[in-house]
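Please read it alongside the sequence and the coordinates.

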2 protein chains.
Amino acid sequence: MLVGIDLGGTSIKAGLVDREGRILIQSFIDTKVGRDYRLIIKDMIDQIERLVWDYGSCIDDIESIGIGAPGLMNYKSGYAIYCTNLFWNNVPLGVIIEEHFKRPVYIENDATVAGLAESLFGSTRNVSNSVFLTIGTGIGGGIIINNKIYSGSHFAGSEIGHMIVGDNFYRCNCGNNGCLETFASATAMKKYAVERLEKDKIKSNILDKAEGKTDKINAKIIFDAAKEGDLLGTEIVDRMIKYLSIGIINVYNVLDPDMIAIGGGVSKAGDYLIERLKTEVGERIYTPNIKYGDIVLAQLGNEAGMLGAAFLEK
Amino acid sequence: MLVGIDLGGTSIKAGLVDREGRILIQSFIDTKVGRDYRLIIKDMIDQIERLVWDYGSCIDDIESIGIGAPGLMNYKSGYAIYCTNLFWNNVPLGVIIEEHFKRPVYIENDATVAGLAESLFGSTRNVSNSVFLTIGTGIGGGIIINNKIYSGSHFAGSEIGHMIVGDNFYRCNCGNNGCLETFASATAMKKYAVERLEKDKIKSNILDKAEGKTDKINAKIIFDAAKEGDLLGTEIVDRMIKYLSIGIINVYNVLDPDMIAIGGGVSKAGDYLIERLKTEVGERIYTPNIKYGDIVLAQLGNEAGMLGAAFLEK
């Protein structure tokens with residue numbers, strides 16, 4: 001049996017998983033971010049112990065514990081190098097949990113483990129080189145090369161959301177201007193909507209759908225407005241598709257994977273998103289002499305992170 | 001003995017190389033681009049035969065023939081998929097030469113083979129993951145992962161010059177707007193100089209240095225003007241450094257290599273270029289918790305292509 005944990009800024013999902021990728025039991029707790037990291041890690045340890053207990057099992061039955069977390073993870077040392085959302089710098093996440101349980105503990109970036117899960121059991125299971133993009137409040141990336149995670153020489157690769165692709169009207173959390181996630185994430189769509197509504201005084205159904213409150217605007221509202229022909233909704237979706245296509249073209253021109261899978265909240269726009277992306281990407285490919293990697297929806301949804309984490313190994 | 005060939009848009013360099021990377025003999029011929037590809041390939045065959053003859057050797061002594069060419073190369077089929085500069089689409093480059101000599105023939109992208117040479121004998125020889133950028137009329141890229149060439153699933157990866165990084169005032173040859181090479185190549189610097197001189201009527205020593213003729217402007221003239229404090233020269237170099245830094249940041253955030261080596265004509269700006277790049281890149285890194293890959297000058301100069309080509313293998 002394997003333990004997989006998806007450590008997020010809002011909640012922590014943990015599950016027991018068998019070798020075939022079946023989730024045997026799972027639980028959720030609040031992260032309560034902002035606390036001392038030791039308290040959060042203590043909660044994770046308690047969560048694992050309860051999970052094993054509830055399943056009627058014991059820690060000796062656990063082969064390994066894998067953790068996907070939002071940021072750069074040194075899987076060799078067990079240290080979380082940098083997690084913006086958790087306000088963590090060089091936190092001994094894996095070290096503490098390994099010391100407690102005396103079992104192998106592996107840590108990795110959350111988008112990367114979701115990409116691993118998709119490559120083992122989901123959308124990209126039939127290919128060896130794939131890129132997973134999760135599009136929600138930010139954009140995360142996972143790179144699989146030759147069926148293995150590729151995270152670079154310093155665990156800092158696959159941060160595809162931080163590729164710089166243009167000039168934008170606001171800065172990214174990372175300090176740069178022009179990161180892909182400031183153009184093509186749900187946050188980017190919302191920020192652009194507010195900018196156009198408040199600064200440029202554009203009229204749109206988006207505000208009605210959000211009950212007149214800009215802070216209630218989200219990607220779904222904007223997609224719905226666009227589908228109904230709302231001009232601002234269409235503009236925002238077009239802009240998001242344009243930049244996400246540029247991001248995919250950059251992935252083609254650097255990594256040229258067999259397949260690109262799109263997950264995360266924004267992927268709920270479904271086939272509409274994929275078809276629009278394929279059209280726009282098709283107009284920007286370097287040469288038609290090649291059939292570039294297919295763009296598909298991810299298949300595993302919210303469980304991808306926990307599942308992929310469980311299958312981490314040295 | 002190995003044969004290495006660097007097939008360029010202007011000239012074809014061929015050499016006999018030993019297993020230690022020593023060039024035993026070499027020759028240059030004009031490509032005379034625009035001719036039927038069969039004539040160009042025939043010239044390459046003649047060139048190889050003459051080289052072997054001149055060295056007092058025979059074809060049976062040749063282990064393999066490697067060719068670096070400007071474009072996407074299917075090393076499995078031996079077909080050159082797409083070469084803009086040669087106007088080639090799906091040309092059986094490797095097939096014809098292999099049929100003629102009955103020796104193994106390997107083809108690969110020219111920047112990629114130069115990157116391979118640097119990783120075997122040059123600037124990046126002590127690391128396993130490296131990216132080579134050659135900056136001249138365009139920007140070519142070579143990716144080495146685990147000491148092996150990485151060219152993607154369809155031989156279309158490592159086209160780092162075609163990463164889209166902004167909006168530009170002219171389109172790239174590839175059809176897109178905003179490719180890295182339209183901001184940071186020698187061509188980009190020249191085009192921007194002409195735009196500012198002719199359209200914006202900026203006064204600058206650049207025009208004097210080019211004997212009053214805009215078509216004589218080149219990267220060296222612009223760097224020299226910048227070093228002398230010329231305002232337009234400084235602006236052009238600053239812009240080039242800014243975008244090349246963005247390109248490097250994107251390489252960091254996707255591939256996170258051990259090292260990035262800069263070659264090609266623009267790299268003649270030397271330590272000045274590298275120091276400026278390091279400063280600008282340092283201000284854009286995702287987190288200071290990591291020591292990202294060092295940025296260095298390539299070491300093998302013009303011979304890198306021929307040398308790397310010789311060491312291609314299946």
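**Salt bridges**

Glu235(A) counts as partly exposed at 25% relative accessibility; buried means under 20% relative accessible area, exposed over 50% and partly exposed in between, with a 1.4 Å probe and protein chains only. The model is predicted, so local features need pLDDT of at least 70 and side-chain atom pairs count only at pLDDT 80 or more, while totals for chains, interfaces and linings use all residues. Residues are numbered from 1 along each chain as its sequence is written, chains are lettered from A and ligands numbered from 1 in the order in which they are written, and side-chain values use heavy atoms, with hydrogens and water left out.

- Over all chains, a search of the whole structure finds 32 salt bridges, a salt bridge being a side-chain nitrogen of Lys or Arg within 4 Å of a carboxyl oxygen of Asp or Glu.
- Glu235(A) meets Arg196(A) in one of these, at 2.8 Å from N to O.
- That pair links distant parts of chain A, 39 residues apart: Arg196(A) is in helix H5 (residues 186-199) and Glu235(A) in helix H8 (residues 231-254). Helices (H or I, at least four residues) and strands (E, at least two) are DSSP runs, numbered from the N terminus.
- Arg19(B) and Glu63(B) form a salt bridge, with their closest N and O atoms 3.0 Å apart.
- Arg19(B) lies in the loop between strand E2 (11-17) and strand E3 (23-30) of chain B, and Glu63(B) in the loop between helix H1 (37-54) and strand E4 (64-69) of chain B, so the pair ties together parts 44 residues apart in sequence.
- Arg19(B) is partly exposed at 46% relative accessibility, and Glu63(B) is partly exposed with a relative accessible area of 36%.
- Arg35(A) is bridged to Asp43(A), the closest N and O atoms being 2.8 Å apart; Arg35(A) is partly exposed at 24%.
- A network of salt bridges links Asp18(A), Glu20(A) and Arg22(A).

**Aromatic rings**

- The whole structure holds 18 aromatic pairs over all chains. Rings of Phe, Tyr and Trp (its six-membered ring) pair if their centres lie within 6.5 Å; planes under 30 degrees apart count as stacked, over 60 as edge-to-face and the rest as tilted.
- Phe121(A) and Phe311(A) pair edge-to-face, 5.1 Å centre to centre with 65° between the planes.
- Phe121(A) is in helix H3 (residues 110-121) of chain A and Phe311(A) in the segment after helix H10 (304-310) of chain A, so this pair ties together parts 190 residues apart in sequence.
- Phe121(A) is partly exposed at 29%, whereas Phe311(A) is buried at 12%.
- Phe169(A), Tyr170(A) and Tyr192(A) are joined into a cluster by ring pairs.
- The charged end of Arg239(A) sits over the ring of Tyr192(A), 4.0 Å from its centre; this requires NZ of Lys or CZ of Arg within 6 Å of the ring centre and within 35 degrees of the ring normal.
- In chain B, the charged end of Arg239(B) sits over the ring of Tyr192(B), 4.0 Å from its centre.

- Asp230(B) is in the loop between H7 and helix H8 (231-254) of chain B.
- Asp230(B) is buried but has no salt bridge, and Lys209(B), the nearest side chain of opposite charge, is 8.3 Å away. Here Lys and Arg count as positive and Asp and Glu as negative; His and the chain ends are not counted.
- Residues up to four places away in sequence aside, Asp230(B) touches Ser204(B), Asn205(B), Ile206(B) and Ala225(B), contact meaning heavy atoms within 4.5 Å.
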